[in-house]
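Have the viewer open as you read.

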Amino acid sequence: MTTAYTTLISATELQSLMASGAPLMVFDCSCDLLQPSLGAQQYAQAHIPGAVFADLNNDLSARHGVAGASGTLVAQEADKPASGGRHPLPSRERFAMWLSSVGFTNGMQAVVYDRQGANYCGRLWWMLQWAGHDAVAVLDGGLQAWQAAGGAVRSGEEPAHFQSNFQLGAPLRRLATVQDVLAGLGQPGQTVIDARAGARYRGEVEPMDPVAGHIPGALNRPFADNIAADGRFKPAPVLRAEFEALLAGRDPATVVHQCGSGVSAVPNLLAMEIAGLGATALFAGSWSEWCSDPSRPVEKG
């Protein structure tokens, strides 16, 4: 592969890449947390031709069973999830099996998109980096930008792909565990950034999880703050200035990102990379895993 896109790709760049015949797979990650079937419905109505649908709950999360006694989800033993929370990460091995099942290979450029302001597609971008695959980019502006640039869409299902054999590489992004975050509380080597909306961060409302509030010492940057009025990520200099103001002298390399269940934290992580601030860590279990144990400290306000 001559040129790999590793953060963002524009609609026109994707059109050129598709026309060139380069090894490529496009993934539609459209989703709605409150209506789990809506993403698949949106995909069926309109998607980029050839795109594979990646379902947050079925493909990009570990399978889990009934609610546990504390309100957390109990995963089946066979899945060996890599994180806790409402959307536990599957193991890297389980994820590689899914990539192989849809025909993705190590020599392909991956492009991921949604139609929800990059809220969901970042999950697959991060997971591919975690699987050791650098050539993955988010379609800037999502399906809306694709259509605005004259890109064609298709409805219905796509032909199935032949099974491939995706090989895991060394992780290119760091997964922080709940134990890591707990050990780092109050330490200069860790700066937690919470991507949830301000009211949830402050503990004024909590629509999803059993406890309201935030991890003590966490900074707040709602993930939507990375997106400009046109639906695309803000320019790199703007993102850099905003994150440097938030960090107020803290080392960007100490940042651990979190949100409610590890999904909408990724736009902040991606934005820091676009801004040239380097790769940072993801606490994938996020608030939903943190607050599942009443012994862990909670802060409000």
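Helices (H or I, at least four residues) and strands (E, at least two) are DSSP runs, numbered from the N terminus. The model is a predicted one.

Start with the backbone. Most residues other than glycine have a negative phi. Ala-248 isn't a glycine, yet its phi is positive, about 50°. You'll find Ala-248 in the loop between H8 and strand E11 (255-258). Is Ala-248 buried or exposed? With a relative accessibility of 60%, Ala-248 counts as exposed.

Ser-286 is another non-glycine residue with a positive phi, this one near 50°. Ser-286 sits in helix H10 (residues 286-290), and with a relative accessible area of 0%, Ser-286 is buried.

## H8 against H9

Two packed helices are described by the angle between their axes and the distance between the axes. For helix H8 (residues 236-247) and helix H9 (residues 266-274), the axes come within 8 Å and cross at roughly 115°. H8 and H9 are therefore roughly perpendicular to each other. The crossing of H8 past H9 is left-handed.

Which residues of H8 meet H9? On the H8 side they are Ala-236, Leu-239, Phe-243 and Leu-247, and on the H9 side Asn-268, Ala-271, Met-272 and Ile-274. Sorted by class, the contact of H8 with H9 has 7 nonpolar residues, 1 polar and no charged ones.

## H4 against H9

H9 also packs with helix H4 (121-130). Here the angle is about 60° and the axes are 9 Å apart. H4 passes H9 in a left-handed crossing.

From H4, the residues in this contact are Gly-122, Arg-123, Trp-125 and Trp-126, which meet Val-266, Leu-269, Leu-270 and Glu-273 of H9. The class breakdown for H4 with H9 is 5 nonpolar, 1 polar and 2 charged residues.

## H3 and what it packs against

Next, helix H3 (residues 92-101), where Arg-92, Phe-95, Ala-96, Trp-98, Leu-99 and Ser-100 are buried. What do the buried residues of H3 pack against? Their partners are strand E2 (24-28), strand E3 (52-53) and H4.

As for the H3 and H4 pair, the packing angle is about 110° and the axes are 11 Å apart. That makes H3 roughly perpendicular to H4. H3 passes H4 in a left-handed crossing. Arg-92, Phe-95, Trp-98 and Leu-99 are the H3 residues that meet Leu-124, Met-127, Leu-128 and Trp-130 in H4. By class, that contact of H3 with H4 has 7 nonpolar residues, no polar ones and 1 charged.

## Two buried side chains

Phe-53 is in strand E3 and counts as buried at 18% relative accessibility. Leaving out residues up to four places away in sequence, Phe-53 touches Asp-28, Ser-30, Gly-39, Ala-40, Tyr-43, Asp-59 and Trp-98. For a sense of distance, Phe-53 and Leu-139 are 86 residues apart along the chain, with 15 Å between their C-alpha atoms.

Leu-143 lies in helix H5 (residues 142-148) and is buried, with a relative accessible area of 3%. Again not counting residues up to four places away in sequence, Leu-143 touches Ala-46, Ile-48, Tyr-113, Asp-114, Arg-115 and Val-153. Leu-143 and Pro-294 are 151 residues apart along the chain, and their C-alpha atoms are separated by 41 Å.

## Cysteines

How many disulfides does the structure hold? The count is 0. Take Cys-31: the closest cysteine sulfur is in Cys-29, and at 9.2 Å that is too far for a bond; a disulfide needs the two sulfur atoms within 2.5 Å. Cys-31 counts as buried, at 5% relative accessibility.

Cys-259 is in no disulfide either, with the nearest cysteine sulfur, that of Cys-291, 12 Å away. Cys-259 is buried too, its relative accessible area being 1%.

Note on methods:
Residues numbered from 1 in each chain as written. Predicted model: local features only at pLDDT ≥ 70, side-chain atom pairs only at ≥ 80, totals over all residues. Heavy atoms only, no water. Axes fitted to C-alpha atoms, helices over the stretch in contact; angles between N-to-C directions. Parallel < 35°, antiparallel > 145°, perpendicular 65-115°, else oblique. Left-handed = near helix turned anticlockwise from the far one by under 90°. Contact = heavy atoms within 4.5 Å. Nonpolar A, V, L, I, M, F, W, Y, C, P; charged D, E, K, R; others polar. Buried < 20%, exposed > 50% of the residue type's maximum accessible area, 1.4 Å probe, protein only.
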